[in-house]
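Grab a pencil and work through these exercises with the model open beside you.

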2 protein chains.
Amino acid sequence: MNPHLSMGPGREFDVIRALLAQWGDAAVGVGDDAAVLDVPAGSRLVVSTDTSLEEVHFRRLWLSAEEIAWRAVQAAASDLAAMGATPLGMVIAITIPDAWRSELSALGAGIAEAARATALPIVGGDTTRGAQLALTVTVLGHATQPLSRCGARAGDTLYVTGQLGGPAAALSALRGGSPVAAAHRARFARPEARLHAGEWLAAQGASAAIDISDGLAGDAAHLAAASDVHAVLQLESIPCMEGIAPLVALASGEEYELLIAASRIDVAAFTRATGLSLTAVGHLDAAVHEAGGTVRVLHHGVPVSRPTTFDHFAQ
Amino acid sequence: MNPHLSMGPGREFDVIRALLAQWGDAAVGVGDDAAVLDVPAGSRLVVSTDTSLEEVHFRRLWLSAEEIAWRAVQAAASDLAAMGATPLGMVIAITIPDAWRSELSALGAGIAEAARATALPIVGGDTTRGAQLALTVTVLGHATQPLSRCGARAGDTLYVTGQLGGPAAALSALRGGSPVAAAHRARFARPEARLHAGEWLAAQGASAAIDISDGLAGDAAHLAAASDVHAVLQLESIPCMEGIAPLVALASGEEYELLIAASRIDVAAFTRATGLSLTAVGHLDAAVHEAGGTVRVLHHGVPVSRPTTFDHFAQ
């Protein structure tokens, strides 16, 4: 049984047919005007959209087509992880330049691999010719109590999953033309959305979460602003990959780890459940004299200046 | 009360803040990692994604920024209409070149106007700098019994909403540099997704539907292929705008009207409910000797050759 609707003739549909043939059971029910999904009774729908664009989010020389597609899906899925949501499916809009047409199958392979790894079947999409390769992935999930950025309270501890700094180190080496450590490159090229971690932390009563795609310091500011509190980060506590300085780890973007606020999390139980580390890196203070959203970074109690974060429009 | 989460500093967030300030109540709850929506109990989630790209789907000289944004939203919403779905909300990914930054407010106005007209509040999005203006709109709706392309049966009548040919005539005039009739231009520049019509037709027992964004003939082929039947269209029955030849109407894309298969629809009741015309334009035959999906066009019973349809990858 073909799980997809038949389509009429045309080369645009040939592109879609080729992708569907390749995707196998990573795609479900594609081909109608829209996809139909079921949100379990008692659960709320969680949805996020994320664009990965050539020369903005990646350069062709640095990553294979499979990796570009894998990252695009994982980056989108990371927003579901930050909400503590269970994956339902994704729709993907692909804009492909003629120069990339020979890579369609490699892109398709990366999308399918990530769809399987994240348990987000491809349920629909759109294909367009254009000047820049772009993958806009919209992810759908569900949660009984989605984990917002705005639920954090003064006094909460801040935790971060995993070890930071790999993407920053990889990007720095790639830009400078110097050798890239394999472990750093892997964190840049093959990120993994922390979906299971997000679900576990939501179930264990975390008060707020955000993924640190803009870097730990930048996203701590977003979480603090949304919750109207101030964040304090302890530089000496930041979990760094081998060879990474804490200030680099603090500003490293595209991490796709989770920053969590909670009154208390059983770190050992988290690691048993997910296989990941979870590290207390600071806490939240009440916003008394000014609106929340500031981030102070302390090194053994002494303030240090905060590194800047990546911003598409700052250049 | 600000209905959105506070965000940290950065020019990317300034862009988002400017859009949110402009959108007012056309946007709801934007600013978390993902949006949270409720699908009514007993309803299924319906989702579709659609990219509108500069130089592919529109040219800047032909349309104002407001119209470009309006069309992008309506084109996406049209897929919900074709499913008979009730609108829930949308997420929108905007890729904006520097040369378009001065038009951000006009784009935002067109998005908001279309969000209100379609009852699809903006619940989330993504902004990126890029070489081509791109709007990828993902629309979310719900339906107890979504109207598929694949439910049509041999013997069903084919109906189409509205009057066709305006977009084809407008495009032809714009490409040729000749004057554009205001009525034709309006159908090209200000399409309206037939959301209410789709819901009404689904409730009245239509067996299948598709929007005719690829043109009536092309989309009749998709519907017939999905339902494994053959389509027969009567050229003399095609509802044409004034000054449009039926063969032009048959091939006119970007119509965003609906093609419906049903054993019978009360056309007068449809018009009373929606204010739109509904015209019987043909019927479906069983696929006996070959797989379904062919379209025959007859003119008073005499076969005529089928016009071609637009295809992004055919050039």
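**Exercise 1. Find what stands opposite A:Val47, and name the strands that pair there.**

Start with the residue: A:Val47 faces B:Ala35, which sits in S1 of chain B. Now zoom out to the strands. Strand S2 (residues 44-53) of chain A pairs with strand S1 (residues 35-37) of chain B. They run in the antiparallel sense, with three bridges between them. Keep in mind that you're looking at a predicted model.

**Exercise 2. Describe the contact between chain B and chain A: how many residues take part, and how much area is buried?**

Step one is counting: chain B gives 67 residues and chain A gives 67 residues. Step two is the area, about 5700 Å², with 57% of that coming from carbon and sulfur atoms. Step three is the charged links: six salt bridges cross the interface. One of them joins A:Asp38 to B:Arg44, at 2.9 Å from N to O. Step four is to ask where chain B's side comes from: strand S2 (residues 44-53) of chain B supplies the largest share, nine residues. Sorted by class, that side of chain B holds 32 nonpolar, 20 polar and 15 charged residues.

**Exercise 3. Is A:Gln132 buried or exposed, and what does A:Gln132 touch?**

Next, check the accessibility. A:Gln132 has a relative accessible area of 13%, and the cut-off for buried is under 20%, so A:Gln132 counts as buried. Then list some neighbours: A:Gln132 touches residues of both chains, including A:Leu53, A:Thr95, B:Gly130 and B:Gln132. Finally, spot the polar atom of the A:Gln132 side chain that lies 2.7 Å from the backbone nitrogen of B:Ala131.

**Exercise 4. Compare two salt bridges, A:Glu255 with A:Arg187 and B:Glu113 with B:Arg190: are the partners buried or partly exposed?**

Take the chain A pair to begin with. The closest N and O atoms of A:Glu255 and A:Arg187 are 3.7 Å apart, and the two residues are 68 residues apart in the chain. A:Glu255 is buried at 1%, and A:Arg187 is buried at 13%.

Over in chain B, B:Glu113 and B:Arg190 meet at 3.1 Å. B:Glu113 is in helix H3 (residues 104-118) and B:Arg190 in the loop between helix H5 (182-189) and helix H6 (195-203), so this pair ties together parts 77 residues apart in sequence. B:Glu113 is partly exposed at 36%, and B:Arg190 is partly exposed at 30%.

Terms used:
Residues numbered from 1 in each chain as written. Chains lettered and ligands numbered in written order. Predicted model: local features only at pLDDT ≥ 70, side-chain atom pairs only at ≥ 80, totals over all residues. Heavy atoms only, no water. Contact = heavy atoms within 4.5 Å. Buried area = accessible area lost by both parts, 1.4 Å probe. Salt bridge = Lys/Arg side-chain N within 4 Å of Asp/Glu carboxyl O. Helix = DSSP H or I, 4+ residues; strand = E, 2+ residues; numbered from the N terminus. Nonpolar A, V, L, I, M, F, W, Y, C, P; charged D, E, K, R; others polar. Pairing = 2+ DSSP bridges. Buried < 20%, exposed > 50% of the residue type's maximum accessible area, 1.4 Å probe, protein only. Polar contact = N/O pair within 3.5 Å; in protein donor to acceptor, adjacent residues only side chain to side chain. Lists of a residue's contacts leave out its neighbours within four places in sequence.
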